[in-house]
Every structure is written in C-alpha cells, then in structure tokens.
Amino acid sequence: MSVIYGERVRLRAVEREDVKRFFVWVNDPEVTRHLSLYLPLSTVDEENWFDSLGKRDPREKPLAIEIRDGGGWKLIGNCSVFDIDSISRQAELGIMIGEKEEWNKGYGAETMTLLLRHCFETLNLNRAYLRVYAGNERGKRAYQKAGFVVEGRLREAVYKCGKYDDVIVMGALRSEWIARKKER
Ligand SMILES: CC(C)(COP(=O)(O)OP(=O)(O)OC[C@H]1O[C@@H](n2cnc3c(N)ncnc32)[C@H](O)[C@@H]1OP(=O)(O)O)[C@@H](O)C(=O)NCCC(=O)NCCS
C-alpha cells in the first residue's frame, strides 16, 4: 500500500520509532478521555503492540497521520480500518489525534475523509462505520463533516470517568460517498 495523500494530511505506515509518541498520547488522560483505554501503558506495552502488527491483515494495519511541517512532515496521530467484513463489505474506522495543539484544525475531518476514500476506492467496501462516545462533541462534529451520519445510539454502553455514556454509531455508505463526490 502506498502513502495516502490529502490536501493537508497524509497517511503512511506506522514505524517502530512512532511508538515513542504513541506512548505519550495513550497515557494522556485528555487524549484518552473518549477512547476505550483505561489503564496506564508502558513503553513495553506499546512495543509489544507494534510487534503484534506483523500478524495483522495488511488492510487493517494502523496508519500514521502526518501534516505538513515546513519542508517535512509532522506526526500528529494514528488511524485505522479494522474488523473488515468481506461478505457485507464493511469495516469499522478509528482515529486518535494525540497532538492536542492540532485539535480543531480540521485534520480529524480530513483524515476520516481520506479513510473513506481509501475504504470505497481502494478496499472496495460498501459501508464504513465508527463508534463515538456521546460526550465526544468534537469527534461527532468532525465525523459529520467527513460525511458520516448517525445510525444509532447504544445506551450507557461505556463506563468512563465514573459514569456511563451512550455510544453513537455513525456510518457512511459508498452511494453517499459517490453523491458527495459529484457535489464537489
Ligand atoms: C476527535 C478527533 C479525531 C477530532 O479531530 P479534530 O481534528 O480535532 O477535529 P476537526 O477539527 O476536524 O473537527 C472538530 C469540529 O468539532 C468542533 N468542536 C470542538 N469542540 C466542540 C464542542 N465541545 N462542541 C461542539 N463542537 C465542537 C470544532 O469546532 C470543529 O467543527 P467546525 O470545523 O465546524 O468548527 C480528535 O480531536 C482526537 O483524536 N481526539 C482525541 C481522541 C479521540 O477522541 N478520538 C476519537 C474517538 S471516536
């Protein structure tokens, strides 16, 4: 798989040296507030995670999110397509922008738009979906901008920070992707 380029963002394969930044992000309570990460993680946990990637379906390997930085690129997060169902041609998407100073600049929406293009035009899927905690207003707005629509609500499906929260399922269909592309 080659690098996936957008206007301001590119998605490339994760390298072992990225794990040092991931370690910082997955231990930052603000970053993990709306993620299903609960316990402190060690550098060894992160290295073991990286080592386990070799066994994954290549289509499901996480991708590093980078933005332009002067003449080079800056790592700001990671994302992935996972649980690919080849019969129903659908998969779940996930994203974490760990560099908090880069939140609210449109990179999340652009990354999810790129992942949708990847799902529909490269992996030949028909539906992509994600699960977002109801309290994650930034996430819900970013996904809406990328073309996801709310499909349902799983009530009190997650327990985080001392309380239950609903989980919202958002999805995008290939037909909607094609219609949006014609509008652009
Ligand atoms: C969630 C996440 C992917 C969003 O990416 P992002 O680059 O910050 O989002 P974008 O800039 O593309 O879009 C954010 C939108 O939410 C809006 N927003 C931010 N905080 C908000 C709030 N409290 N209420 C309503 N809207 C809010 C922003 O104004 C922006 O909308 P606009 O462009 O119409 O102004 C990113 O912040 C992240 O990874 N956070 C930490 C981990 C996480 O929550 N992952 C997702 C789990 S499902």
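Around the ligand in this predicted model, the shell is made of ten nonpolar, seven polar and four charged residues. Here nonpolar means Ala, Val, Leu, Ile, Met, Phe, Trp, Tyr, Cys and Pro, charged means Asp, Glu, Lys and Arg, and the others, Gly among them, count as polar. Residues are numbered from 1 along each chain as its sequence is written. Because the model is predicted, local features need pLDDT of at least 70 and side-chain atom pairs count only at pLDDT 80 or more, while totals for chains, interfaces and linings use all residues.

**Around the ligand**

- Of the 21 residues around the ligand, those that come nearest are Gly108, Ala109, Glu137, Gly139 and Arg141; a residue is near a molecule if its C-beta atom, placed from the backbone, lies within 6 Å of it.
- At least two shell residues come from each of strand S5 (90–97), helix H4 (107–122) and helix H5 (137–146).
- With five residues, H5 gives the most to this shell.
- Helices (H or I, at least four residues) and strands (E, at least two) are DSSP runs, numbered from the N terminus.

**The chain as a whole**

- You can find six helices and eight strands in the chain.
- The radius of gyration is 16 Å, close to the 16 Å that the globule rule gives for 184 residues, so the chain is as compact as a globular protein of that length. This radius is taken over C-alpha atoms, and the rule is 2.2 Å times the number of residues to the power 0.38.
- Along the principal axes, the C-alpha atoms fill a box of roughly 45 × 45 × 35 Å.
- Of the 184 residues, 27% are buried. A residue is buried if 20 or more other C-beta atoms lie within 10 Å of its own, exposed if 12 or fewer, and partly exposed in between, with C-beta atoms placed from the backbone.
- Among contacts between residues at least 6 apart in sequence, 57% join residues at least 24 apart; a contact means that the two C-beta atoms, placed from the backbone, lie within 7 Å.

- In helix H1 (residues 19–26), the buried residues are Phe22, Trp25 and Val26.
- Seen down the axis of H1, these buried residues fall within an arc of 85°, so they line one face of the helix. The arc is that of the directions from the helix axis to the C-beta atoms.
- Lys20 and Val24 are exposed on the other side of H1.
- The cover over the buried residues of H1 includes helix H2 (29–32), helix H3 (43–52), strand S4 (72–85) and S5.

**The nonpolar core**

- The largest nonpolar core holds 36 residues, and those with the most contacts inside it include Ile65, Leu93 and Met112. Such a core is a set of buried Ala, Val, Leu, Ile, Met, Phe, Trp, Tyr and Cys residues joined through C-beta atoms within 7 Å.
- H4 gives the most to this core, with seven residues.
- Leaving out residues up to four places away in sequence, Leu93 touches Val81, Met112, Leu115, Ala128 and Leu130.

**A closer look at Ala146**

- Ala146 sits in helix H5 and counts as buried because it has 23 C-beta neighbours inside 10 Å.
- Beyond its neighbours within four places in sequence, Ala146 is in contact with Ala109, Met112, Thr113 and Leu116.
- From C-alpha to C-alpha, Ala146 and Leu116 are 8.3 Å apart in space, although 30 residues apart in sequence.
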